[in-house]
Amino acid sequence: MSLILALIRRDLTLAFRQGGGVGTALGFFLTVVVLLPIGLGPDQALLQRLAPGALWIALLLAVLLSADRIFQQDYEDGSLDIMAMGPMPLELVALAKAIAHWLASSLPLAVAAPLLGFLINLDPAAILPLALAMGLGSVALSLLASIGAAVTVGLRRGGLLVSLLILPLYVPVLIFGVSASTAPGAGPDIATPSLLILSAMALASLVLSPLAAAAALRSYLK
Amino acid sequence: MQTLANPARFVGLANAVLPFVWVATIILFAIGLYGAIVTSPPDYQQGETVRIMFVHVPAAWLALMVYTVMALASAVAIVFRHPLADVAAKTAAPIGATFTFLALATGSLWGKPMWGAWWVWDARLTSMFVLFLLYIGYMAVWQAIDEPHRAALVARIVALVGFVNIPIVKFSVTWWNSLHQPASVFRIDGPTIAPSMLWPLLVMGLAYTLLFLALHLVSIRAEVTARKIRQMRLAEIGER
Amino acid sequence: MVAFYSPFAIRYSPMQIIGQDLVCERGGRTVFHDVSFMVNRHELLQLTGPNGSGKSSLLRMIAGLNDPAAGTLNLDGGHADLTIGQQAHLIAHQEAVKLALTVAENLAFWAGFLGGGDVGNALAALDLTRLAHYPAGLLSAGQKRRLSLARLVLVPRLLWLLDEPTVGLDTASQQRLAGMMTEHLAKGGMIIAATHVALGLEPARRLDLGPRA
């Protein structure tokens with residue numbers, strides 16, 4: 001356990017010290033959200049209807065932007081070799097690095113999303129469900145991203161391939177994330193079951209992603 | 001299984017079996033198309049356009065079946081470490097992608113008269129579309145990694161992750177669709193189907209399956225040969 | 001932090017690493033075949049051979065990073081629950097140094113990750129104490145190399161796998177490395193080193209991977 005924490009702490013230190021990571025992703029997130037009303041027109045009612053979905057799509061794209069770097073540096077500078085030889089199974093290394101990515105990249109975006117929501121007239125009643133859904137959903141996003149990052153780690157131009165491989169995996173998260181982000185109102189409650197399914201997805205990816213990512217990493221270390 | 005294990009023997013076997021598979025495929029297509037075009041009646045609601053079904057539905061079946069074959073072959077490759085399993089998975093992908101594309105294209109053609117639009121985000125079409133993306137991603141992995149041995153290791157994982165993803169996508173897209181288009185959605189195949197339509201559909205399904213078998217055998221044979229050529233070239237470079 | 005395991009606990013028991021008829025394949029090409037070797041405690045095995053003869057591949061194979069296409073690799077008398085890789089250090093061309101971390105932070109991380117070790121001691125052994133609080137990104141190539149080598153002292157391991165360890169080192173550092181290796185062997189360690197140049201100590205065994213067959 002202390003090994004996992006040591007690795008997470010190192011990755012967080014690196015993420016914040018190297019810059020570029022969190023700041024760039026947040027800037028990208030902001031840009032997408034700003035482009036939206038410019039592209040769709042300033043109709044407040046339309047924007048309010050689209051806001052949760054738009055924020056989710058912007059979140060997916062921003063997470064993807066930083067995804068291919070999860071294992072890249074450690075692979076290139078040989079750290080991954082030493083980690084693979086070490087006492088900790090590579091599955092746990094992959095898990096720790098995905099958690100570090102969540103803390104450093106996805107979670108800050110999820111926290112910022114409700115604030116950016118003001119720019120596109122997000123229904124105030126939807127703020128809490130959105131924050132909750134994004135907090136949970138971003139766990140799944142980071143873990144799934146770690147599969148894509150591992151699968152493309154040895155490739156020079158892995159970025160586009162990561163998007164192609166990961167986006168199909170993001171479809172279910174997007175669907176339930178958006179329905180969990182709706183404001184409570186008239187009609188049947190869809191937010192609660194969606195949130196539960198979203199949690200199930202986060203848990204399932206918590207188990208499956210490290211296995212897949214470690215297997216992919218091993219094939220590149222050979 | 002032991003006979004199949006040796007790639008050279010497999011090529012021999014494929015050569016022996018292929019003519020029969022091709023003949024059977026052609027016969028089944030002839031029967032199926034006859035049933036689809038001549039004997040089956042036009043639908044009382046959809047008219048003649050219902051005949052697209054005989055091309056569309058089997059293509060959708062095969063799109064899923066081929067991905068299953070791909071995932072199974074990948075699992076076999078992981079468990080038994082057999083190179084032929086990787087070849088089988090790799091060569092199935094373009095064929096599966098083609099069936100998926102065919103299903104999408106015919107679905108779109110069918111959608112025009114039925115829904116009045118070329119593309120509708122119907123649950124089935126949407127999950128087919130995601131399946132198509134999965135095929136493309138899988139093939140892109142083989143393309144992106146230069147060294148075949150390593151590409152095989154990585155592609156296995158991609159195939160299996162995608163396979164786990166398919167039912168989840170199917171489930172979530174159905175949920176999503178029911179949320180946005182309540183009840184009035186037109187269903188492509190009703191729960192009941194007249195026997196005069198059912199038998200050509202099943203024969204077409206069988207014909208598609210045999211067509212896949214034939215194409216798959218041909219591409220495995222080609223891939224085995226391509227690898228042999230690569231091996232010989234590498235050996236030549238090594239000697240100098 | 002508790003040491004992950006103590007490689008020298010049973011100081012006088014014999015141990016040996018035996019590789020038999022090893023075959024290495026990369027990308028469908030045979031890099032080497034029928035390579036056999038043996039290393040006992042207190043012994044240095046020097047690997048030689050031209051570029052592309054598979055020296056690095058053999059070291060990575062012993063480390064457990066790639067599997068032999070054929071042949072066997074065993075550590076007799078070692079820690080039964082651990083793989084050879086877990087009882088070894090690999091010093092390769094890539095230095096596993098994080099440029100955004102300081103020298104001391106780099107070592108502190110590996111100490112934590114690999115099972116505990118004395119950072120101050122490791123810094124002193126490679127004359128890096130003075131540089132401890134500078135970011136590793138400011139180091140010269142030779143200094144980075146020394147930081148990488150400091151892992152050897154930081155966490156005790158039975159087997160050292162060294163791939164061209166002297167690259168980029170000045171004379172003083174080369175002598176320091178030779179001293180470290182001598183001490184490691186004296187304590188009962190084993191070293192397998194791939195190198196073209198003299199290491200400053202006489203290898204007990206040699207293995208020439210030779211020109212490609």
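In this predicted model, chain A and chain B meet in a contact that takes 21 residues from chain A and 24 residues from chain B. On the side of chain B that touches chain A, two elements give two or more residues: helix H5 (123-144) and helix H6 (148-180) of chain B. The largest share comes from H6(B), with 15 residues. By residue type, this side of chain B divides into 20 nonpolar, 3 polar and 1 charged.

Chain B itself has 7 helices and 0 strands. Read from the N terminus on, its elements run α-α-α-α-α-α-α. The C-alpha trace of chain B spans about 70 × 40 × 30 Å along its principal axes. Of the 240 residues in chain B, buried residues make up 35%. The contacts within chain B can also be sorted by sequence separation. Among those between residues at least 6 apart in sequence, 78% join residues at least 24 apart.

The largest nonpolar core has 207 residues. Which residues have the most contacts inside this core? They are Leu59(A) and Ala150(C). The largest share of the core comes from helix H6 (residues 90-117) of chain A, which gives 15 residues. Leaving aside residues up to four places away in sequence, Leu59(A) touches Phe29(A), Leu109(A), Ala110(A), Ala113(A) and Met134(A). In soluble globular proteins, nonpolar side chains tend to be buried together.

Helix H4 (residues 141-154) of chain C packs with helix H5 (residues 171-186) of chain C at an angle of about 10 degrees, and their axes are 12 Å apart. Angles under 35 degrees count as roughly parallel, and H4(C) and H5(C) are therefore roughly parallel to each other. From H4(C), the residues that meet H5(C) are Gly142(C), Arg146(C), Leu149(C), Leu152(C) and Val153(C). Their counterparts in H5(C) are Ser173(C), Leu177(C) and Met180(C). The residues of this contact of H4(C) with H5(C) divide into 5 nonpolar, 2 polar and 1 charged.

Note on methods: Residues are numbered from 1 along each chain as its sequence is written. Chains are lettered from A and ligands numbered from 1 in the order in which they are written. This is a predicted model: local features need pLDDT of at least 70, side-chain atom pairs count only at pLDDT 80 or more; totals for chains, interfaces and linings use all residues. Two residues are in contact if their C-beta atoms, placed from the backbone, lie within 7 Å. Helices (H or I, at least four residues) and strands (E, at least two) are DSSP runs, numbered from the N terminus. Ala, Val, Leu, Ile, Met, Phe, Trp, Tyr, Cys and Pro count as nonpolar, Asp, Glu, Lys and Arg as charged, and the others, Gly among them, as polar. A residue is buried if 20 or more other C-beta atoms lie within 10 Å of its own, exposed if 12 or fewer, and partly exposed in between; C-beta atoms are placed from the backbone. A nonpolar core is a set of buried Ala, Val, Leu, Ile, Met, Phe, Trp, Tyr and Cys residues joined through C-beta atoms within 7 Å. Axes are lines fitted to C-alpha atoms, for helices over the stretch in contact, and angles run from 0 to 180 degrees between N-to-C directions. Angles under 35 degrees count as roughly parallel, over 145 as roughly antiparallel, 65 to 115 as roughly perpendicular and the rest as oblique.
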